[in-house]
Amino acid sequence: MTRNVYVLVAGVLTICALLFLLKDLGDRAGRQTESGASAQEESNSPMARRIDEQAIPLRRKVSKRSEVAELRDELERTQTELAMLARPLNENDVLSAAVNAVVAQGESLVTGGYQLADGRYELTFITPKGIDQTGRSPGTDQILIEARSMVVDDAFVEESGLGTLATNARNTLQHAEAWSGDDVFNTFKSASEAEGVEMSASPTVVSLPNQPFKVEMIDSDGKGYSLSGEADFMPDGSFAVKARAERRE
């Protein structure tokens, strides 16, 4: 009987020890859980957000510096363009026409119309075409510029309806028209059959979008004709053309 009591007491003590051990393990697990939650809460604490928020202005500053550099480049390019367009309006030996316009696919920009020393008028036809890297059209990798100068007399001006372009001004800004391909073809055809009309060869130059191009037909004494500018693709498939035709007599 006494032995059975001892066995029962030992069993109860063993059970109590196991319960105590389980409670201790539970308490430790609870503390670890609280510690993990505290660490998670600390990672989401205001200090952690401040660090993240401090990184944002740094990225913005880098972006701002990039934007400033782009704006500076754009300003320099604009100043160069303005100098090109305005140069040199006060020189007596220079005739010029500067234009900044948009023309559709298949159209030509017609400018000039200034009067030469012999009384005739000079017109410039600028036709941009999009080409690929192999030179095939259509394309969007490069821009082919077809340039042609045509010198006409008063009679041809009247016959061909060029009176809106012929001018007594030696230097013009935004004095231009956009012509369809058919209008250009018919005018060239009439010019080839008319007397007192001179047409230059049709030089072409290939340029990357928004990069300078230049066509020159200059004598050894520096006199002659030049066309400079740049062209770019527009989202709708048209072309933005900035150009200056110049004649030195």
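**The largest pocket and its surroundings**

Tutor: The largest pocket has 16 lining residues, and Glu122, Val151, Glu198, Tyr225 and Arg247 lie nearest its centre. Strands E4 (142-152), E7 (198-199), E10 (224-233) and E11 (239-248) each give two or more residues to that lining. The space in this pocket is about 240 Å³. By type, the lining holds 5 nonpolar, 3 polar and 8 charged residues.

Some terms first. The search runs on a 1 Å grid over the protein atoms alone; a pocket is an open set of points where a 1.4 Å probe fits, with protein on both sides within 12 Å along at least five of seven lines, and lining residues have an atom within 4 Å of a point. Grid points are joined across faces, edges and corners, and the volume is the space filled by probe spheres set on the points. Ala, Val, Leu, Ile, Met, Phe, Trp, Tyr, Cys and Pro count as nonpolar, Asp, Glu, Lys and Arg as charged, and the others, Gly among them, as polar. Helices (H or I, at least four residues) and strands (E, at least two) are DSSP runs, numbered from the N terminus.

This is a predicted model: local features need pLDDT of at least 70, side-chain atom pairs count only at pLDDT 80 or more, and totals for chains, interfaces and linings use all residues. Residues are numbered from 1 along each chain as its sequence is written, and side-chain values use heavy atoms, with hydrogens and water left out.

Now the second largest pocket. Its space is about 180 Å³. It is lined by 14 residues, with Ser108, Thr127, Lys129, Glu146 and Val184 closest to its centre. Strand E3 (121-131), E4 and helix H4 (181-193) each supply at least two residues of this lining. E3 gives the most, with 4 residues. The lining divides into 5 nonpolar, 6 polar and 3 charged residues.

Buried means under 20% relative accessible area, exposed over 50%, and partly exposed in between (1.4 Å probe, protein chains only). This core has 24 residues; Leu109, Tyr114, Ile126, Ile145, Leu227 and Val241 have the most contacts inside it. E1 gives the most, with 5 residues.

Look at Leu227. Leaving out residues up to four places away in sequence, Leu227 touches Thr124, Ile126, Ala147, Phe213, Lys214, Val215, Ala243, Arg244 and Ala245. A contact means heavy atoms within 4.5 Å. Another core, of 15 residues, lies apart from the largest one and includes Val110, Tyr121, Met150 and Trp179.

Next, the loops. Gly222 sits in the loop between E9 and E10. Gly222 counts as partly exposed because its relative accessibility is 33%. Gly222 and Glu249 are 27 residues apart in sequence, yet 8.9 Å apart in space, C-alpha to C-alpha. Gly106 is in the loop between E1 and E2. At 47% relative accessibility, Gly106 is partly exposed too. Beyond four places in sequence, Gly106 touches Ser180 and Gly181.

Two loops hold backbone details to check. Most residues other than glycine have a negative phi, and most peptide bonds are trans. Ser137 and Pro138 are joined by a cis peptide bond, with omega about 0 degrees. Pro138 lies in the loop between E3 and E4. Asn210 has a positive phi, near 65 degrees. Asn210 lies in the loop between strand E8 (204-207) and E9.

Last, confidence. pLDDT is the predictor's confidence in each residue, from 0 to 100. The chain averages 77, and 64% of the residues score at least 70. Helix H1 (residues 2-43) is lowest, at a mean of 47, and E3 is highest, at 96. Where pLDDT is low, the predicted coordinates should not be read in detail.

Conventions:
Core = buried A, V, L, I, M, F, W, Y, C linked by side-chain atoms within 4.5 Å.
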